[in-house]
Amino acid sequence: MYFYNPNMNSREEYYKRADELKRLIAEMKKCGQIDCIIEDYDPESFEEIAAGHELDPERGARCHLCYRLRLKKTAEFMKNWNDEYPDKRFDFFATTLTLSPLKDAVVLNSIAKELSEQYNEKCLETDFKKKGGYQRSIELSKEFGLYRQNYCGCRFSKSEAAYREQGGVNNE
């Protein structure tokens with residue numbers, strides 16, 4: 001598993017989510033040996049691509065730039081890893097972002113496919129929220145006692161989530 005989320009609104013949130021991933025992997029021993037690679041917290045990369053897009057709505061251009069940033073870093077990591085460790089290859093890359101009803105799986109998969117071709121590495125096109133996937137994620141989160149949040153992690157999404165919780169209308 002590879003964890004890279006430079007959009008997190010704080011170092012604490014970043015490592016809280018990374019620790020949850022590591023904890024879940026440890027609990028899922030039935031899946032066999034799963035290694036977890038956690039990148040260093042890198043908020044500057046996100047702030048650079050978000051500049052000028054501070055007022056974009058959820059699922060807008062800022063999100064698309066964030067998708068590209070995160071998926072590109074993942075594809076690059078995979079390519080470098082697979083070149084260096086051919087006996088421990090990753091088969092494909094994907095993103096759990098397609099689980100969120102607030103994220104655009106079509107755009108995510110389009111970016112992943114483009115990067116797959118660019119880096120000559122396979123991507124797994126997904127829409128994890130389909131076929132009850134989002135509801136199942138809620139059930140599994142309860143079963144494993146996972147930390148869940150109602151925003152992607154960036155400061156913009158956090159503000160929008162707070163606005164929705166206070167009875168505001170989401171501008172999607």
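**Figure 1. At 42% relative accessibility, R136 counts as partly exposed (buried is under 20% relative accessible area, exposed over 50%, and partly exposed in between, with a 1.4 Å probe and protein chains only).** The model shown here is predicted; local features need pLDDT of at least 70 and side-chain atom pairs count only at pLDDT 80 or more, while totals for chains, interfaces and linings use all residues. Residues are numbered from 1 along each chain as its sequence is written, and side-chain values use heavy atoms, with hydrogens and water left out. R136 sits in helix α5 (helices are DSSP runs of H or I, at least four residues, numbered from the N terminus). Its C-alpha is 35 Å from that of E48, a residue 88 positions away in sequence. R136 makes a salt bridge to E139, with the closest N and O atoms 3.4 Å apart (a salt bridge is a side-chain nitrogen of Lys or Arg within 4 Å of a carboxyl oxygen of Asp or Glu). Both residues belong to α5 and are 3 residues apart, about one turn of the helix. E139 counts as partly exposed, at 37% relative accessibility. Elsewhere, salt bridges with shared partners connect E20, R23 and E27 in one network.

**Figure 2. E20 and R23 form a salt bridge in which the closest N and O atoms are 3.0 Å apart.** The two residues are separated by about one helical turn because they are 3 residues apart in helix α1 (residues 11–27). E20 is buried, with 16% relative accessibility, whereas R23, at 28%, is partly exposed. The whole structure holds 13 salt bridges.

**Figure 3. D83 is paired with K79 in a salt bridge, with 3.8 Å between the closest N and O atoms.** Both residues lie in helix α3, 4 residues apart, about one turn of the helix. K79 has a relative accessibility of 24%, so this residue counts as partly exposed.

**Figure 4. The largest cavity has a volume of about 70 Å³.** On a 1 Å grid over the protein atoms alone, a cavity is a set of points where a 1.4 Å probe fits but cannot get out, and lining residues have an atom within 4 Å of a point. Grid points are joined across faces, edges and corners, and a volume is the space filled by probe spheres set on the points. By this rule there are 2 cavities of 30 Å³ or more. The lining of the largest consists of N7, F46, R62, C63, C66, Y67, R70, L97, K103, C152 and C154. Helix α3 (residues 61–84) gives the most, with 5 residues. By class, this lining has 7 nonpolar, 1 polar and 3 charged residues (Ala, Val, Leu, Ile, Met, Phe, Trp, Tyr, Cys and Pro count as nonpolar, Asp, Glu, Lys and Arg as charged, and the others, Gly among them, as polar).

**Figure 5. The second largest cavity has a volume of about 40 Å³.** Its lining is made up of L71, F93, A94, T95, T98, L108, N109, A112, C123 and L124. Helix α4 supplies the largest share, 3 residues. The lining divides into 7 nonpolar, 3 polar and no charged residues.

**Figure 6. The second largest pocket has a volume of about 150 Å³.** A pocket is an open set of points with protein on both sides within 12 Å along at least five of seven lines. M1, Q33, I34, D35, I37, W81, K88 and F90 form the lining, with 5 nonpolar, 1 polar and 2 charged residues.

**Figure 7. F92, L124 and F128 form a nonpolar surface patch.** Patches are made of residues with over 30% relative accessible area and no salt bridge, nonpolar side chains (Val, Leu, Ile, Met, Phe, Trp, Tyr) being joined within 5 Å and like charges within 9 Å. Together the three residues have about 260 Å² of accessible area (Shrake-Rupley method, 1.4 Å probe, with only the protein chains shown counting as cover for residues). L124 is in the loop between α4 (105–119) and α5 (133–144). This residue is partly exposed, at 36% relative accessible area; L124 also belongs to the lining of the second largest cavity.

**Figure 8. N120 and K131 in the loop between α4 and α5.** Most residues other than glycine have a negative phi. N120 is not a glycine, yet its phi is positive, about 55°. K131, also a residue other than glycine, has a positive phi near 55°. N120 counts as exposed at 64% relative accessibility, and K131 counts as exposed at 88%. K122 lies in the loop between α4 and α5 as well and is exposed, with a relative accessible area of 61%.
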